[in-house]
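Here's a quick tour of the aromatic contacts and strand pairing in this one. Have the structure open as you read.

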Amino acid sequence: MSTYCRLWYRIPFSETDAMAIVHHSNHARYLERGRIEFLRLVGLDYAAIMKRGMQYPVLEIRTVFKKPLVFDEVIMIETAIERATRTRLDFKYRIFSVDEWHPPTLSTEPFPGNPSVTGETFHCCVNEKGRPTEAATEVVARLLEL
């Protein structure tokens, strides 16, 4: 069973191109929003993780665009953990066009329907100097519970 974070967001004009379609460079920001909110909602606030001397930089990002996102559209960013080890943290994402905005929430069921965008991010754990390190046992244990 997976835990899914659902984060709603209304697309501002500043994130679109001349056709009022979200510029592809903004999708990485949407994935980051989903990832940070996921960690917050499961009790692993990223700022607190950083204070403990750990960070999870992005090693790789994959995004598949199935349907354009547009200005003033409400989207829902669904985020889940794909893999968690002492050295790696991988997320999967699905972005949906939805009718209305809701507060962020967790669910044990995936959102129904066809996503407009899918994505994956792959991260490694590093220390304050940017050197690979192992994550704290309790951080990984919490992620594996999900």
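## Aromatic cluster

Phe38, Phe91 and Tyr93 come together as one aromatic cluster. Rings of Phe, Tyr and Trp (its six-membered ring) pair if their centres lie within 6.5 Å; planes under 30 degrees apart are stacked, over 60 edge-to-face, and the rest tilted. By this rule there are five aromatic pairs.

This is a predicted model, so local features need pLDDT of at least 70 and side-chain atom pairs 80 or more, while totals for chains, interfaces and linings use all residues. Residues are numbered from 1 along each chain as its sequence is written, and side-chain values use heavy atoms, leaving out hydrogens and water.

## Two pairs across the chain

Tyr9 and Tyr30 make a tilted pair, 5.5 Å centre to centre with 55° between the planes. Tyr9 sits in strand 1 (residues 4-10) and Tyr30 in helix 1 (residues 27-41), 21 residues apart. Helices (H or I, at least four residues) and strands (E, at least two) are DSSP runs, numbered from the N terminus. Both tyrosines, Tyr9 and Tyr30, are buried (under 20% relative accessible area; exposed is over 50%, partly exposed in between, with a 1.4 Å probe and protein chains only).

Phe13 and Phe71 are edge-to-face, because their ring centres are 5.5 Å apart and their planes at 90°. Phe13 is exposed, at 54% relative accessible area, and Phe71 is partly exposed, at 39%.

## Strand pairing

Strands 3 and 4 (residues 88-98 for strand 4) pair antiparallel over ten bridges; pairing takes at least two DSSP bridges. Ala80 has Lys92 in strand 4 as its bridge partner.
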